[in-house]
Amino acid sequence: MARILFVVTSHSQVDAQRSTGLWLEEFAIPFEAFRAAGIESVTASPKGGAIPVDPASAHGTRPSEAVSAALSQSRSLQEAGNALEYDAIFIPGGHGAMFDLAGSLPLKTLLSEFDVQGKIVASVCHGPAAFVDAIRAEEPRTLVAGRTLTCFTDEEERSTGLVAAMPYLLATKLREQGATVVERAPWAEHVEIDGTWITGQNPQSSGAAARAVVEALGARA
């Protein structure tokens, strides 16, 4: 059975007035897709424990019991083990990722391990904040340098009204670190595949990104 490591945010506040966290569908849709494909999922976060879910993403949505259970008790990144234990890593977004995933040294180490082992690195929306400042294990350059990917676009971020509260614009930052960031229309389903790297632009791309991961794992079976 293939095994996927989900890494999700532990960060619950944009500021004192605004809550954030994981964007629910970016976890729930891939989680259910992997479960349907017979793939085991392990959930980890910087702090471990219960995962904060952005209230805006949970409005009118009732996750399955399996999704709720996975989000109620995550492992810490230190407890998650190393890349040898998994076939892929999947990093959903939510604005919380811009704060803690972007600064997590254990996560950057994991990403370098997955990359050097040629394993699948997948992410959606704000999840690629985890790639910022990550360095390739075997050479002194950023992990995204020379890669083609996508993420939540600057235009999409402006539409949220949260630009001033963000540490940077994600697409701009990844370009500064050497990535080719491909964008489609705001809120359009869009996935980029570059070798073992699979990225989705926004929440609407969660299902397509998950399907791409399942197909990639199937091709390796």
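**Helix packing and nonpolar cores**

User: At what angle do α1 and α3 pack, and how far apart are the axes?
Analyst: In this predicted model, α1 and helix α3 (residues 65–72) pack at about 115°, and their axes are 10 Å apart.

User: What hand is the crossing of α1 and α3?
Analyst: Right-handed.

User: Which residues make that contact?
Analyst: From α1, Leu24, Phe27, Ala28, Phe31, Glu32 and Arg35; from α3, Ala66, Val67, Ala70 and Leu71. By class, the contact of α1 with α3 has eight nonpolar and two charged residues, and no polar ones.

User: And α1 with α7, what angle there?
Analyst: About 35° between α1 (residues 24–36) and α7 (residues 206–220), with the axes 9 Å apart. The crossing of α1 and α7 is right-handed.

User: Which residues of α1 and α7 are involved?
Analyst: Glu25, Glu26, Ile29, Pro30, Ala33 and Phe34 of α1 meet Ser206, Gly207, Ala210, Val213 and Val214 of α7. The contact of α1 with α7 counts seven nonpolar, two polar and two charged residues.

User: Switching to cores. How many residues are in the largest nonpolar core?
Analyst: There are 39. Those with the most contacts inside it are Leu5, Ile89, Ile91, Leu107, Leu111, Phe131 and Leu174.

User: Which element supplies the largest share of this core?
Analyst: α4, with four residues. Elements that each supply at least two include β1 (3–7), β4 (88–91) and α6 (170–176).

User: What does Leu5 touch?
Analyst: Leaving out residues up to four places away in sequence, Leu5 touches Val42, Ala44, Ala80, Tyr86, Ala88, Ile89, Phe90 and Leu110.

User: What is in the second core?
Analyst: That separate core has 27 residues, including Val67, Leu71, Phe152 and Ala209. Val67 and Leu71 are also among the α3 residues in contact with α1.

Key
Residues numbered from 1 in each chain as written. Predicted model: local features only at pLDDT ≥ 70, side-chain atom pairs only at ≥ 80, totals over all residues. Heavy atoms only, no water. Axes fitted to C-alpha atoms, helices over the stretch in contact; angles between N-to-C directions. Left-handed = near helix turned anticlockwise from the far one by under 90°. Contact = heavy atoms within 4.5 Å. Nonpolar A, V, L, I, M, F, W, Y, C, P; charged D, E, K, R; others polar. Core = buried A, V, L, I, M, F, W, Y, C linked by side-chain atoms within 4.5 Å. Buried < 20%, exposed > 50% of the residue type's maximum accessible area, 1.4 Å probe, protein only.
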